[in-house]
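Please open the structure in your viewer and keep the sequence beside it. This tour goes from one selection to the next and says what can be found at each stop.

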Amino acid sequence: MKATGVVRRIDDLGRIVIPKEIRKTLRIKEGDPLEIFTDREGQVILKKYSPIGELSEFATEYAETLAKTTGHIACITDKDMVIAVSGGSKKEFLEQSISKDLEKIIDEKEVYISKENNDKSIPITQNDNRERIANAQVVYPIISEGDAIGSVILISKDANTKMSDIEKKVVQSAASFLGSQMEL
């Protein structure tokens with residue numbers, strides 16, 4: 001655990017303010033849910049809650065199925081990081097923070113498809129450094145109870161691959177299914 005040197009007092013309603021710098025660094029926004037943990041030494045630990053993160057084992061299996069079925073790299077993200085990847089380098093994607101571009105697509109509940117080789121592919125993780133790692137991609141937000149909670153992504157690095165309506169429908173089905181699992 002990393003010390004920040006910041007000390008805050010609890011108010012009369014039991015609240016504590018998380019400093020703006022920490023909220024910005026950890027991408028915590030107003031209304032974001034936080035999980036509260038305690039340990040035996042009396043420490044209280046706050047962790048940003050990821051509803052889809054609870055399905056990480058299931059999401060991994062689903063990503064593997066998508067990758068095998070389509071032949072593309074499959075990624076499943078929550079609103080902060082890639083939680084499952086198959087068909088590509090786990091080191092490149094898994095548990096990496098998502099890019100601002102991807103975060104915007106998720107927040108705005110957009111569907112993104114780069115169909116042609118000359119279309120701009122968006123960076124998936126913050127580590128992409130705007131390099132064009134994908135030739136073609138489909139990004140579909142996962143919606144649960146009206147809220148965007150993550151995304152399903154298919155990526156191809158093959159120069160001859162063009163994403164079609166078939167890939168879009170596959171990703172849409174996966175995102176809808178994962179969203180519905182969160183509502184159960």
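## The sheet and its neighbours

Begin by selecting strand 6 and strand 7, which run antiparallel and are joined by nine bridges. If you look for A136, you will find that this residue stands opposite S156 in strand 7. Please keep in mind throughout the tour that the model is a predicted one.

Now widen the selection to the open sheet of five strands, whose order is 4-3-7-6-5 and whose pairing is antiparallel. Which strands are the edge strands? They are strand 4 (82–86) and strand 5, each of which pairs on one side only. On average, neighbouring strands of this sheet are turned by 15° against each other, if direction is ignored.

Helix 2 lies across strand 3, strand 4 and strand 7, and runs at about 35° to strand 4. Helix 5 also packs on the sheet, where it touches strand 3, strand 5, strand 6 and strand 7, and its direction makes about 25° with that of strand 6.

## An aromatic cluster

Select F58, Y62 and F177 together, for these residues form one aromatic cluster. The structure holds three aromatic pairs. One of them is formed by F58 and Y62, an edge-to-face pair with 6.0 Å from centre to centre and 65° between the planes. Both F58 and Y62 lie in helix 2 (residues 56–70), four residues apart, which is about one turn of the helix.

The rings of F58 and F177 have their centres 5.8 Å apart and their planes at 45°, so this pair is tilted. Because F58 lies in helix 2 and F177 in helix 5 (residues 165–182), the pair ties together parts that are 119 residues apart in sequence. Colour the two residues by accessibility, and you can compare the values: F58 counts as partly exposed at 30% relative accessibility, and F177 is partly exposed as well, with a relative accessible area of 33%.

## Helix 4

Move on to helix 4 (residues 100–107), whose buried residues are L102, E103, I105 and I106. Why are these residues on the same side of helix 4? They cover an arc of only 160° around the axis, and this puts them on one side. Just after helix 4, stop at K109, which takes a positive phi of about 55°.

## The hairpin

Next, select strand 1 (residues 34–38) and strand 2 (residues 44–48), which run antiparallel and are joined by five bridges. Click on L34, and then look for its bridge partner in strand 2, which is K48. Between the two strands of this hairpin there are five residues, and G42 takes a positive phi near 85° there.

## The whole protein

The C-alpha atoms fill a box of roughly 60 × 35 × 30 Å, taken along the principal axes. Of the 184 residues in the protein, 38% are buried, and the accessible surface comes to about 11400 Å², of which 50% belongs to carbon and sulfur atoms.

How values were computed
Residues numbered from 1 in each chain as written. Predicted model: local features only at pLDDT ≥ 70, side-chain atom pairs only at ≥ 80, totals over all residues. Heavy atoms only, no water. Pairing = 2+ DSSP bridges. Phe/Tyr/Trp six-rings, centres within 6.5 Å; stacked < 30°, edge-to-face > 60°. Buried < 20%, exposed > 50% of the residue type's maximum accessible area, 1.4 Å probe, protein only. Arc of directions from axis to C-beta. Axes fitted to C-alpha atoms, helices over the stretch in contact; angles between N-to-C directions. Contact = heavy atoms within 4.5 Å. Areas by Shrake-Rupley, 256 points an atom, 1.4 Å probe, with all protein chains shown as cover.
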